[in-house]
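Subject: Structure handover

Dear colleague,

I am passing on the structure we spoke about, and would be glad if you could look through it before reading my notes.

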Amino acid sequence: MTILVTGGAGYIGSHTLLYLKQKNESFVVLDSLQTGHRKAVEGTTFYEGDLADADLLDKIFTENEISAVIHFAADSLVGESMKDPLKYYENNVIGSYQLIKKAVEHEVKKFVFSSTAATYGEPESVPITEDFPTIPTNPYGETKLAIEKMLKWADAAYGLKSICLRYFNAAGADPEGSIGEDHQPESHLIPIVLQVALGQREHVSMFGDDYPTEDGTCIRDYIHVLDLAQAHYLALQRLEGEGVSGVYNLGNGNGFSVKQVIETCKAVTGIDIKSLTAPRRTGDPAVLIASSNKARTELGWNPDYSRLDTMVTHAWNWHRNHPNGYDD
Ligand code: UDP
């Protein structure tokens, strides 16, 4: 079995490649390198190109006898999606449409999709289970939900079995420090705080300190990127075994506030990190915490690195040794 991994040069994609390698799975990678990194796919069978390129997809499916797809490739910035929603409809929805169409044409039956907690929008309570209403509050979440629905109907009509994994906040890096998170520009909390520790930023802005939480800052459910990778592997196994489509949350079931994250980064780095209170960021729910019981029970998912200080330690290893990311 050869797996096509789209977006394998990105943060979560590259860690999944590492995990698949450890499991001796055979895979090829498609990435446009718009946000991914060539160095993250060194030594793999790599195709540079776009999801919307039907000829390239035909070539990949034919040359490699692909029997499963893991689909990461997407634009994934909430703020950007609010400013330029059509970019998200084009790259995420139309790109995925082409990929799904080609998967069906080439008689692929297994598809794992990288979805997001942003499909839920503002939940009325936590922890969030998979049967909560999906009312996205931004085009990013909306486009991911549209792709989930495309996959649902593709299963009903063509028998393409799919598992959609709704991630909460991916964090950490390969403990060996060979790959890690490198976004330009960076918008995520943990790498930003670590950039302050490295002296690359003067301070971190805490977006809002008047939320209805214990310390007033937003609470998120952080999950180690290699635990996400494990879930993709298990999802493929379930598709091979049970062959049943499904949607699964991936989170720790534990929430940490922005202030707690900053304190953990201070403790791990031993550096006094300056933080300032800033206005709320539009569209940020106060608390997002997942129930991942379904993934644990049905996929047999068992996270290895659920402690926040472990995630920060692994992220710090990467950022300290690669202060300029893959450019180092
Ligand atoms: N956050 C912050 N300052 C930053 C970046 C993020 O206070 O410079 C907050 C953000 O408002 C959210 C949390 O940190 O409550 C996690 O944000 P991130 O962008 O990492 O992930 P998201 O939850 O948006 O997927």
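The notes below cover the annotated domain, the sheet and the surroundings of the ligand.

This is a predicted model, in which local features need pLDDT of at least 70 and side-chain atom pairs count only at pLDDT 80 or more, while totals for chains, interfaces and linings use all residues. Residues are numbered from 1 along each chain as its sequence is written.

An unreviewed UniProt entry places the feature "domain: NAD-dependent epimerase/dehydratase" at residues 3-251; such annotations may be inferred rather than shown by experiment. Over residues 3-251 the chain is 39% helix and 20% strand, where helices (H or I, at least four residues) and strands (E, at least two) are DSSP runs numbered from the N terminus.

Seven strands form an open sheet with parallel pairing, in the order β3-β2-β1-β4-β5-β6-β11, two strands being paired if DSSP finds at least two bridges between them. Because β3 (45-48) and β11 (246-250) stand at the edges with a single partner strand each, one side of each is left without a neighbour in the sheet. Strand β6 (residues 161-167) pairs with β11 in the parallel sense over 5 bridges, and R166 stands opposite N249 in β11.

Around the ligand there are 15 residues, of which H188, L189, F207, C218 and V258 come nearest; a residue counts as near if its C-beta atom, placed from the backbone, lies within 6 Å. The largest share of this shell, 4 residues, comes from β8, and α6 (189-197) also supplies at least two residues.

Best regards
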